[in-house]
Amino acid sequence: MTLPPPPRRPGLAVACLIHAAVFAVVAVVGPAVPSSWFALTLWPLVALHVALALLAVLPREPLRTHLWGVVSIYSLAWLLGLSVVIANSAVYIAEIYGGLGQAVAGALACIWGLVVLFTLPIAAWGLTVARPTWLWQRRVALATSALAVLGLLASCSLRSTGSLRPIAASASGPFEQAAAELARAHAGTPTGQSPRSLLQAAPLRCAQPLAQGLSVLVFARDLQGQPFSTCLQTSGQASLIRELESLLRERVSPSAPVKLDLVTGTQELPRLHPLLDAMTLRPALDGVCLKDRCFAPWQLVALDAFTSNHPMDSMRDASFGVSLPLIAGALGGDADATLTRIATTSWVIDQHALHTLVRGRPSDAKLDDAGIERAVAAAGRHIIAAERPNGTFRYTLDPFDGRTEERMVSMRRQAGTVFALCELLPREQIAEPAARALGLLASYEQHHGDLRMLGERQDIAEIGPSALPLISFTACRDAVGPRYDALIAGMTRFLLTLQRDNGAFYPEFDFATGKPRGEFESLYAGGQAMLGLILAEQIVRDHPGPQWPDAKALHDGIERGMRYYGNDYWPRALRSLFYLEENWHCLAARAALRSHRHDDYERFCLDYAHFKTRWILGSEASPEHVGGYSMSDIFPPHAAVTAGFGEVMSAAIEIEHARGMDLGADQAILRSALSWLIRQQWTPETCFACGANGEALGGFSEHLGSPKIRIDYVQHAMAALGHGKQALALR
C-alpha cells in the first residue's frame, strides 16, 4: 500500500531555498576552480534544491515526490563522494606534515560536519516521503546510476591514495661527511663580501627518474663565472662522492658558493582539491619534478611559488600555498600534468665550509650577545643602505633578482623605520640618515594655531601620520639635536587636543572647526600616541623651557590615557580570549618605567604579552619552526609577526623586572622566539642565490616560503633582537 501524496509544504520550500543559497555561495566564492569537480557537482545540487522548492508550493504532488527522491539520492551520493575525498585528503596531509596533520584532519572533519547538516537531514526526510514503489520498481536505474557515480568518485580518490608512497629516506650522513671534506678544499666567497649569485630560474634536467639510485642536484658557477646546474646520479655513495669531487675540481669556480640538494625521497602528487592541493608542497622544504625536469626547493622559493595560489576569485590579493597548474606550466607541462614531489637534504659550500640548511636557513644558530649584536648591526646596515637620497626608504626588495618597489611616502612606515635606527644604533652611525628621514617627515608639517601635525589634506589631519612620527622625532633628538623641538612641542599639543575626556583619542582633527572628531579609535594610533606623549614628557622633564606644552597638562593627559587603556579600553572578560594588536601600548608602558608608571597600564601589557605566547610554536612543531609565531606548524611563521612578539615580550620582561616578578618562563619563550628569528636573517651563507650587489644581506623576508623583504620587516626584527638582548640580560 502506498502512502497518500503529501500536501503543499512551504517549510520544505524555505529549507530548500536556504540550502540552495548556501551551496550557490560556496560554489561562487569558495576556494575552488569554477571548472573543478567540486563546483561542477555542486551546481546540480543547487538546481535540484531550487526546483524542489518551487514544486513544494505547487499542487504537483507526484512530481514533487519523485523529485524529492532524486534530490535525496543525489545529495547522499555527493555527500559520500565528498566524504571519501575529505578522508583521503586528511590522510595525505597527515602523512606529509606529521602530527600537525591531525589538526588539519580535525578542521576537515568540522567542514564535513557542516556539509552533513546541509545534506543528510533533508535527504533522509525525502527518502522517508518518497519510498513508494517508484524508488524500488520503476526508478532502480536512477539509483544504480547514482551509485555508479559514487563508485567512480570513490575509485578515483582511492586511486590517488594508493599512489601515495612514503618518502624513502636516504642515508645522508656519509655524504655530508664526505662533502664537508671536499668543502675544506674548495675556496668560497670570503666573509663580508656579497656572494656571486647562483640564481637559476629554469628547471634542471636529470638523466633518469629521481626515484632510482642516488641523486644530488648541484648549482654552481663554472670557471668562466657563469651559473650552471647539473644532476649527479649514481647507484652508490662512493661513486656519488667521486663525481662531486671531480665536478668541483674540474668545472666549478672557486670564488662562488656551491649549492647541493641530496634527494632523499620522491612521491607522486595527487590532485585532491585546489585548496588542499595548495598544501601538497611544504614551503622551502619540497621540490617538484615533471619527468626529467625538476625545481629544487630553493628555486620554488625564488620563483615565489609558495604564495602563487589565489584560491578565491573574489579576493585576488589573498594568496595561499602553491598552484600546481602554474608549477606544471613552469616545468613545461600541461596544467593537469602529474607532478612528483621531491624531498632533499640541503647544504651550501661557502667559505671553506659545508653549511647545513633547512628550508634555506641555518639548521642552528647560537643566541648569544655577540650573535645578536651582529644581527642588529647587519639589519641596521640594511636599513641605512635602503634609504634614498631624499630620505625615503625602499619599500620592498626581492632578494633573488634585486627588484625593488618604491611606494609613495608612508609617514607611519617612515617614522617606524627611523625610530628603530635611533633606538638601537650608535649616534655617530645614524645621525646623517636620521636627519634625512626626519627632514622628509618635517616637510609634511601643517599648522593650526600652536598645534602642529603632519599630513597632506587641507580639511582634516588624521592622528596616525602624527602619532608615530612624534615617537621618531623624540627618540632621535639625541642624534639630530634640538632642531625639531618646535615641531615636537606642537605635535604633543596636537595629540593632547585629540584626547577625549576618558583618555582615548579621536581619529582626526577638523581644520574648519578647530576641533577633533570621529566616533571610533584608529587601530595602533592609541598606543603610538601614548608612547609619543611619554617620550615628550621625558624631554620636557630633562630639557625644560618655555617652548614646551604645560608639564602638568601633559602629565594629566598621560595619566588619563593610562587609566583608560589599563581599565576601560579592553573588557577584562575578553582578556583571556583575544586582543587586537596592542604592541605599541607595551612599548609605551616600558618607556614609562623611567618617568610615569601606572599599575593598571603595566598589567594591561603583561596580560596582552602572555596572551600572545599561546601562538609561539613549541616542541610539537617541526624543529625549524620552533619559536615562530603561527597558528599551526603547517603555516610558515612570519618574521614580522614573530618580531612583533619579540618586541612585546621584551617590553613585558622589563616591566616584570621593575615589578619584582619572576622572569624565567617569559625569558625562556623570548629566547625561543629570538632563536627562530635570528635564523631568518639573510647572511652570506644563505644568500647564495641573492642578487650580486648584496642588498639583501641583513634583511628579513616575510616567511620561509615568501622571499620578499619589506623594510618594516627588517625594522621590527631589528627592534626585537636589540631589545630582546637587553631583556634576556635581566636577572
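At what angle do helix α15 and helix α16 pack, and how far apart are their axes? Before selecting them, note that this is a predicted model, in which local features need pLDDT of at least 70 and side-chain atom pairs count only at pLDDT 80 or more, while totals for chains, interfaces and linings use all residues. Residues are numbered from 1 along each chain as its sequence is written, and side-chain values use heavy atoms, with hydrogens and water left out.

**Stop one: two helices**

Select residues 427-442 for α15 and residues 464-475 for α16: the two pack at an angle of about 140°, with their axes 11 Å apart. Axes here are lines fitted to C-alpha atoms, for helices over the stretch in contact, and angles run from 0 to 180 degrees between N-to-C directions; helices (H or I, at least four residues) and strands (E, at least two) are DSSP runs, numbered from the N terminus. Now show the side chains of Leu438, Leu441 and Ala442 in α15, which meet Pro469, Ser472 and Phe473 in α16, where contact means heavy atoms within 4.5 Å. By class, this contact of α15 with α16 has 5 nonpolar, 1 polar and no charged residues; Ala, Val, Leu, Ile, Met, Phe, Trp, Tyr, Cys and Pro count as nonpolar, Asp, Glu, Lys and Arg as charged, and the others, Gly among them, as polar.

**Stop two: hairpins**

Next select β12 (residues 445-448) and β13 (residues 451-454), which pair in the antiparallel sense over 4 bridges; two strands pair if DSSP finds at least two bridges between them. His448 stands opposite Leu451 in β13, and in this hairpin, with 2 residues between the strands, Gly449 takes a positive phi near 65°.

Move to β7 (residues 340-350) and β8 (residues 353-358), an antiparallel pair with 5 bridges, in which Val348 stands opposite His355 in β8. Their hairpin has 2 residues between the strands, and Gln351 takes a positive phi near 55°. From β8, continue to β9 (residues 361-362), which runs antiparallel to β8 and is joined to β8 by 2 bridges. β8 and β9 form a hairpin with 2 residues between them, and Arg359 in the turn has a positive phi of about 55°.

**Stop three: an open sheet**

Display β14, β15 and β16, an open sheet of 3 strands in the order β14-β15-β16 with antiparallel pairing. The edge strands, each pairing on one side only, are β14 (460-462) and β16 (515-517), and the twist averages 30° from one strand to the next. β14 pairs with β15 (residues 508-510) over 3 bridges, and Glu462 stands opposite Glu508 in β15.

**Stop four: aromatic rings**

A search of the whole structure finds 18 aromatic pairs; rings of Phe, Tyr and Trp (its six-membered ring) pair if their centres lie within 6.5 Å, and planes under 30 degrees apart count as stacked, over 60 as edge-to-face and the rest as tilted. Select Phe219 and Trp298, an edge-to-face pair at 5.0 Å centre to centre with 80° between the planes. Phe219 lies in strand β2 (residues 214-221) and Trp298 in helix α11 (residues 297-302), so the pair ties together parts that are 79 residues apart in sequence. Both Phe219 and Trp298 are buried, that is, under 20% relative accessible area, whereas exposed means over 50% and partly exposed in between (1.4 Å probe, protein chains only).

Finish with the cluster that ring pairs build from Tyr564, Tyr565, Tyr569, Trp570, Tyr579, Phe604, Tyr608 and Phe611.
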